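Open the model in your viewer and keep the selection tool ready. Each stop below tells you what to pick and what is there.

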Amino acid sequence: MQGVFARLLLLSTMLPFLALSCTTTERRLGYVETERLLSEFTMARSARDSIRSLAISLNAGVVSKQAEAAKLRQEILSGASATGPRQIESARSGLARAESELDMMMRRNSEEILRLEDENMRPVYAALNAAIRQYGEQHNYDMIWGATANGNIVHADSTLDLTDDVLRFLNDR
């Protein structure tokens with residue numbers, strides 16, 4: 001009985017190795033250039049255009065406020081608006097107010113742009129991830145990595161690059 005138990009134990013420890021040596025399934029691997037997908041995917045371009053349009057319109061108010069502050073600063077430096085200490089102090093106070101408003105405006109604009117970027121890009125990332133998953137399933141890939149500029153893939157054979165195929169898949173949907 002002990003001999004049978006020992007043989008079963010030996011066999012059970014060898015089974016995983018036997019199974020691995022018998023499987024000849026080749027893994028399909030690939031990667032995509034994430035930054036390129038984000039720059040060439042139609043939905044991503046549209047999202048960036050929307051963000052850019054808002055940034056331009058918000059910047060118009062900043063430019064106007066900067067011009068106002070520059071004019072007040074120039075008046076103070078030239079002494080044109082001041083005939084006495086009260087006028088000088090009034091001009092300085094106006095400049096401080098304009099600069100404070102400019103700072104607040106720039107902060108609000110930055111927050112609004114970040115909010116809009118998050119709002120517009122979240123569906124883009126969701127669509128990219130879903131499409132890459134679907135592409136991988138349809139083309140029998142075991143794993144698809146995302147290559148980024150900060151180097152999560154340091155080197156890969158260019159034959160594993162699926163970026164062009166995935167871009168066609170994305171933009172043809």
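Start with a term: a residue is buried under 20% relative accessible area, exposed over 50%, and partly exposed in between, using a 1.4 Å probe and protein chains only. The model is predicted, so local features need pLDDT of at least 70 and side-chain atom pairs count only at pLDDT 80 or more, while totals for chains, interfaces and linings use all residues. Residues are numbered from 1 along each chain as its sequence is written, and side-chain values use heavy atoms, with hydrogens and water left out.

**Stop 1: Lys65**

Select Lys65. Is Lys65 buried or exposed? Lys65 is buried, because its relative accessible area is 14%. You are in helix H3 here. Helices are DSSP runs of H or I with at least four residues, strands are runs of E with at least two, and both are numbered from the N terminus. Now show the neighbours of Lys65. Leaving out residues up to four places away in sequence, Lys65 touches Ala98, Glu101, Leu102 and Met105. Contact means heavy atoms within 4.5 Å.

**Stop 2: the largest nonpolar core**

A nonpolar core is a set of buried Ala, Val, Leu, Ile, Met, Phe, Trp, Tyr and Cys residues joined through side-chain atoms within 4.5 Å. The largest one here has 21 residues. Select Leu37, Phe41, Val124, Leu128, Val166 and Leu170, which touch the most other members. Which elements give two or more residues to this core? They are helix H2 (34-40), helix H3 (42-78), helix H4 (85-138) and helix H5 (163-171). H4 gives the most, with eight residues. In soluble globular proteins, nonpolar side chains tend to be buried together.

Stay on Val166. Beyond four places in sequence, Val166 touches Val32, Leu37, Ile132 and Tyr135.

**Stop 3: the aromatic rings**

Select Tyr135, Tyr141 and Phe169. These residues form one aromatic cluster. Rings of Phe, Tyr and Trp (its six-membered ring) pair if their centres lie within 6.5 Å; planes under 30 degrees apart count as stacked, over 60 as edge-to-face, and the rest as tilted. By this rule there are two aromatic pairs. Tyr135 and Tyr141 are stacked, because their ring centres are 6.2 Å apart and their planes are at 25°. Tyr135 and Phe169 are edge-to-face, because their ring centres are 5.6 Å apart and their planes are at 70°. Tyr135 lies in helix H4 and Phe169 in helix H5, so this pair ties together parts that are 34 residues apart in sequence. Tyr135 is buried at 5%, Tyr141 is buried at 17%, and Phe169 is buried at 18%.

**Stop 4: Asn140**

Move to Asn140, in the loop between H4 and S2. Asn140 counts as exposed, because its relative accessibility is 54%. Look at its backbone: phi is near 60°, a positive value in a residue other than glycine.

**Stop 5: Met143 and a surface patch**

Select Met143 in strand S2 (residues 143-147). Met143 counts as partly exposed, because its relative accessibility is 39%. With Met143, they form a nonpolar patch on the surface, with about 330 Å² of accessible area together.

**Last stop: Ser90**

Select Ser90 in helix H4. Ser90 is partly exposed, with a relative accessible area of 47%.

Technical notes: Patches are made of residues with over 30% relative accessible area and no salt bridge: like charges are joined within 9 Å, nonpolar side chains (Val, Leu, Ile, Met, Phe, Trp, Tyr) within 5 Å. Accessible areas come from the Shrake-Rupley method with a 1.4 Å probe; for residues, only the protein chains shown count as cover. A salt bridge is a side-chain nitrogen of Lys or Arg within 4 Å of a carboxyl oxygen of Asp or Glu.
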